[in-house]
Amino acid sequence: MKIICAYPVNLDALYDLGEERISRFIQSADPSMIKSELKGSIRSREDLISSLLYCIQYGSGAEILVESRQLAEKIEASFPWSFRLGGNAGIMANLLAELGARPILNSPALEPRLAALLHPGVGIPVSGRLMEPSLAAERLGLSSEVLHFVFQFKESDRIPSLRGRYLPPKIIASLPPTIR
């Protein structure tokens with residue numbers, strides 16, 4: 001069975017925020033430029049810090065575009081990331097391949113690091129042929145990738161800032177009553 005997966009696929013770069021880890025990053029920025037606010041796009045280190053502080057303060061998440069490749073490279077170099085497969089299509093294609101299906105993944109920006117996270121049973125269309133992810137990445141010869149920076153934090157994390165400590169709010173889960 002062949003199944004086409006045509007939603008996004010990307011590489012997620014994960015970093016767990018914590019008091020010690022983020023302190024140096026915050027202190028390296030211009031204090032007058034940092035506010036706890038969600039920016040429309042990330043154009044500077046200060047924009048990133050402001051948006052992170054906002055998300056931590058309100059216990060929320062956000063997806064914000066990093067405006068330049070140069071800034072993205074600086075962000076990538078600033079943290080020890082762990083990488084995972086991201087994007088609905090890539091995750092679905094991997095699961096389907098594990099279950100024995102032959103998924104076809106539309107991934108025109110496939111580079112080697114992302115290809116290494118895909119199951120070899122996932123077919124990538126290249127020049128009218130389906131190829132295994134690692135071979136497709138080699139054939140495409142791309143060096144830039146679709147990378148999402150994912151900063152994670154926990155309820156117990158206390159993040160120092162120039163305006164005091166930010167503590168994520170308690171998240172209360174409400175479950176429906178159990179049916180007996």
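Analyst: A salt bridge is a side-chain nitrogen of Lys or Arg within 4 Å of a carboxyl oxygen of Asp or Glu. In this case, glutamate 73 forms a salt bridge with arginine 69, and their closest N and O atoms are 3.6 Å apart. The model is predicted, so local features need pLDDT of at least 70 and side-chain atom pairs count only at pLDDT 80 or more, while totals for chains, interfaces and linings use all residues. Residues are numbered from 1 along each chain as its sequence is written, and side-chain values use heavy atoms, with hydrogens and water left out.

User: Where do glutamate 73 and arginine 69 lie in relation to each other?

Analyst: Helices (H or I, at least four residues) and strands (E, at least two) are DSSP runs, numbered from the N terminus. Glutamate 73 and arginine 69 are four residues apart in helix H3 (residues 69-78), and therefore about one helical turn separates them.

User: How many salt bridges does the structure hold?

Analyst: The structure holds five. One of them pairs aspartate 47 with lysine 39, with the closest N and O atoms 3.8 Å apart. Aspartate 47 is buried, because its relative accessible area is 14%.

Key:
Buried means under 20% relative accessible area, exposed over 50%, partly exposed in between (1.4 Å probe, protein chains only).
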